[in-house]
Structure formats: C-alpha cells, structure tokens
Amino acid sequence: MAKEDFKYFVEQFEDIRVLKYKLPGFESLTLQQKTFIYYLSQAALSGRDILWDQNFRFNLQIRKTLEAILESYIGDKTSDEYRSFLVYAKRVFFANGIHHHYSNDKLRPGFTESYFAKLIKKIDKHRLPLKNGQTKDELISQLSPIIFDEELFGRKVEQREGADMIAESAINLYEDVNQKEAEAFYSGKIDPKDPCPVSLGLNSKVAKKDGEIVEEVYRSGGLYSTAIDQIIMWLEKSINFAESELQMKELKLLIDFYRSGDLKKWDDFNVLWAQDSEAEVDYNNGFIETYSDPLGRKATWEAIVNYKDIEATQRTKIITANAQWFEDNSPIQPQYRKEKVKGVAAKVINIAMLGGDCYPVSPLGINLPNANWIRKGVGSKSVTLANITDAYDITSQGDGFLEEFAADQSEVDRIKKYGSLTDSLHTGLHECVGHASGKLAEGTDPNALKNYASPLEEARADLFALYYMTDKKIIELGLLPEEDAAKASYDAYLRNGLLTQIVKIKPGKHIEEAHMRNRSAISHWVFEKGRQGNIVELFKQGGKSYVRINDYYGLRQLFGELLKEIQRVKSEGDYEAGKRIIEKFGVKVDPHLHTEILERYEKLNLAPYTGFVNPNLLPVYNTKGEITDVKVEYVNDFLGQMLYYGRNYSFL
Ligand code: ZN
C-alpha cells in the first residue's frame, strides 16, 4: 500500500486526535518473527487493567459501568446528553482513567448527575460491576461524587508546592498514607555504597493496613496477580519463538520477575535486555516509568512490541559507515575533530503493539533501561519509532497547519513529497554522527557548560545534520534522491524555529525546554546573520508572518559557521559564550509574534493531543492448532477497540 493510500486519521473529540499506525514490511517477516510478535502482543494487552487501577482505585469500576452502558443501553442515543456521555466515555478511555492524561485534572462530564443515574437504572444489573450485593442505587451514590464532585480526587498527581503530594494525589500507588509516611517507609533502606542498587519500591503499592504501613508487591500471587498470570502465560508461549539464546534467557528472567516480584530479577533481566542490541523483534513489558509517582519511585505498567525498520536502519548504517568522512569534512576547527570517530548505530523500529501506559499515547523514542548503574556499566538501547513518527508527519500535512504557515505552495508541495524522508534522515544524522562528532580540548571540564550543556549539545547535533543535509555526499550515498529534497528540511526547520514551535508556549512565557531552546537558537542566529544578505527573510502578508529562504547554499554556510562556533564552545568549555548564544537567540519569545501565531493556530482547530488505535494481529491456525501466519487488521473505531479490549483483556 502506498503511503498516501493509508488513512491515518481515525477520529477527533475534545482535545484529542486518534490516529492509526501502519506496520510496514510486517508481511515479509518470517513466520517465527510474526508468531513471536503475536505472543508478545498478547502479553502487551493483558496488563491493561493494572494501569487503570494504578491510575486511580475507582477507575476499573467506573470503566466497567461505562462499558455496560455503552454496550447495552437501548434508549435514545441521539440526544445531546447521550452524545456528551459518549464524549466523556471516550475521554476516560483515552486517559486510562477519569483524570486527563496530560494535565492530571479530573475530566468534567458534559452531562448531569441525574442523567448518569437514569442511564444506570436502564441497565440490567448483571452487567454492572456491583460489589458485594450492592444495589444499582448504591452504585449510583458511590460513583456520582467520584465523577461529578470537582474537589473530590480532583488531581491525579498533585505536585503543587506545599501540598502533601501523596495524600492529595488520586494516583493509587499509595493508599491511606501521607507523604511523610511514604518517605519514612523507604528511608534508610537503600545502601548508598551498593554499586548495583535495585530500584526499591518500583513494583509495589504502599498502603496502611490495620494501622501498619505495608508494601503490596505486584506479582503472581500478590497484587494484580490475575492480570500478571495472563502476562506470564503469553510470555511463556513466546519463548520458543525468540530469536536468540540471549532473548530466551531474558524472557525467562522477566517471567521470574513477574512470579517473584524480586527486583534483583528485574535488574538481571534488564542487563541482558540492554545487551541484546541485534534483536530484530524486541519489546518492553513491565513496571518501567516513574513519572506518575510524585515521589518518583513507583512505576506504572507499560508494554510495547516492535520490529526493526529495515529501510531506515539501513539508512543509519550508511551514515554510520561514513562517520569518518563526515567528521573529516566537518566545518569545525581541525583540532576539535576526532581522528577516529565511531558512529552510534541507532536503531529504527516499527511499533506492532502498544499497551499499558504507552497506549493510546505512544512515545516517539525509547531509551531504556532506566537504572543508572546498568546504563553506565552495560549500556542502554535508544530507538526511534518510525511508523509512529510517520503517522504524525503525514497527518500533519493534511490538517491545514502547513498551508497556514508555509510561505508558498511550492514549499507545501516539497514538504509533502520529501518531508517524511528528510525528517528521518535528519534524525539519523543527528543521532548517529552528530552527537558522536568532535572532541574536547585537553583539560576541558566536561561539565563546564552546566545548565546550557543540554540545548548546546542538541544544537551541535542538529547543526551537523543541517549542514550535511545539502551536501553532494548525501545524494552520492543514495540517502536523498535529488538536491531539491533537502530544501524541505531547511524550510521546515526555520519555519518551526522562527514561527510555529511557540504554539506550545503559554502567552507571556519564555522557552524552557532544551530541544525547543536549541531550535530557537539556531533559527534566530542564522536569521540574524542571514537577513543582511537576504539569505533568509521574514515577511508579512495580509497581517501574517512568514519565513522565506532565498539562498539555501548561503544558509548552509551559516549552519556550518554556527556549528564551528558551538563545537569550539563545547571543546573549550566556554560557558559565557554558550550562555550568550542560548540566552540571546533561544529563550525569548516576541510577544506580538506570539499572539499572532497563537491566533492563527487556534483557528485551525487542531487537537493538541494525539493517540493511536492498535491494529489487530490475527493468527491463522492449521488443523493441528499451529500458527501458520499472522495477519494485520487495521482498526478504524476507537471506541470499538476499547470495548473489545474490555471484553477480552480485562483480568482484574
Ligand atoms: Zn539529540
């Protein structure tokens, strides 16, 4: 299927846009790989309820109530109230609970309490999640304040200064304990001299039972046992289809971890997993990220399954193989070039299934494991997600954003033709050779750039990519089909850096995030230098601001010049010069331009948050019950998928 024939868009509601992602090359995987992916994908879906319960302890009961209404209510479905109910239900499904996935605020229903009661009363009581002889009326009076009272459980994670971050957060990683008690529970339990410390408390809930504080561990036979046993079952089936001895050992350790809840096993698993960089099919499955714990200790459950993107990985291999050529021809001062540069072999993958905290909102890149001692001693895996990035790129070309902010139609056409390719190439150059390039002068403190180190480092890698994007070598290596293609990359970079990235900034605020500072700094620096020679211009038409590049070759020289300077800053640890570049060009936002851009953006009526439906992976069996193929079925129904998961993967 050609890229343009695939419909990524599924639906939009409130502040949410739902897309689907494509599985390029899945058919050409071996039967063993497809079968392996299938079993891992079942494991990835089986832990769904764990996350729902972790997010808030009444989430599952509410979800089951919503499911009962959605699946069996036969009254008027055309009324405004029912439509509002539908939107609320979708928002809850999207957030894996009743709190907004990003803002953490409790979602406000657009229908009344009495309407909610009316709906429940019309549902057969056997379909409702009534607990211990609860009546429908009791269910209604239990759930109503939880859903409708704005104050009650108002924030999933409360990190406001002065708040009791545990007692005031609705998140269910702690129960009936306050922040002091939670902190005291773990204090003194970590040996600061341990070179390989386990992530204490990562896979447990801390609760007060009969006045005593206890840790309830997520494991088979412990908390979430019934869901964890399902995960184990599918992981066990997957082992026989693993691609290597190493991967088999890995999976066995992961299963041991789920059985015992022993964090030492989790670390042992991660040590092997981090070494397994050649895997064509790979996965994450476990209690991994700690963002939802105000104390940063406890992890929510997540899972993904992925396979290598052959084409994009091939591209990064070509780049890495030519790393020395790039280094030797770089515009930086010769004394700061590396005599022997080793490119980083970045892996590009395609997602085959998203689960837990990675669904429906997917990450764009993955860099794991998290344990520092493993990262330092053994290494880590850093991957970019090709099919997810493609879905973003391609849908953003059809939503009016590009037409609104591009200077003319030829720019729009070029981006549509080459944008996805140059984006992927930029990432490849940035990751594989950009960060790896250059060296410090003798005696330079590697930490000299302090708080400016991160935006400057990102700028260095971006500039490396931008500088080479228009080089003949790129065409020679077959990385771009023609010179014109690279222009798409320059247009997009400056349009974003000078104009559009500030849609993410609230009025009156400055730019804080490192990548955004870097993009702003590069764009404004080259604009400042390039405006005299009319290399780049900002112009207004009909009250709207646009960027135009008049001399792409001249712009390339400016990227080279800035790369040279930023490499010097890093090599010499010139803190003051680095600070000047970032503060002068990367931080401030012109308030007039900001207002204009925000107004134009608002008119486009775009949803700020994006999530995905998964494809269905359907095994084909022979008469002996063996899998002979796995088919991909794309799904176009967000709510349908949620209800399907509710019927088939609800284990708590
Ligand atoms: Zn980077």
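Domain 1 and domain 2 bury about 1300 Å² between them, with 72% of that on carbon and sulfur atoms. Buried area here is the accessible area (1.4 Å probe) that two parts lose on being put together, summed over both. Keep in mind that this is a predicted model: local features need pLDDT of at least 70, side-chain atom pairs count only at pLDDT 80 or more, and totals for chains, interfaces and linings use all residues. Residues are numbered from 1 along each chain as its sequence is written, and side-chain values use heavy atoms, leaving out hydrogens and water.

- Pro294, Leu639 and Leu643 supply 40% of the area that domain 1 buries against domain 2, more than any other three residues.

**Layout**
- The chain splits into domain 1 (18–44 + 183–307 + 615–652), domain 2 (58–171) and domain 3 (309–609), with bounds from an automatic or database domain assignment.
- Taken over C-alpha atoms, the centres of domain 1 and domain 2 sit 28 Å apart.
- In contact (heavy atoms within 4.5 Å) are 13 residues from domain 1 and 17 residues from domain 2.

**Charged pairing**
- There's 1 salt bridge between domain 1 and domain 2, where the term means a side-chain nitrogen of Lys or Arg within 4 Å of a carboxyl oxygen of Asp or Glu.
- Arg647 and Glu71 join their side chains in a salt bridge at 2.4 Å, N to O.

**Domain 1's side**
- Helix H24 (residues 638–648) gives 6 residues, the largest share of the side of domain 1 that touches domain 2; helices are DSSP runs (H or I, at least four residues), numbered from the N terminus.

Definitions and conventions: Helices (H or I, at least four residues) and strands (E, at least two) are DSSP runs, numbered from the N terminus.
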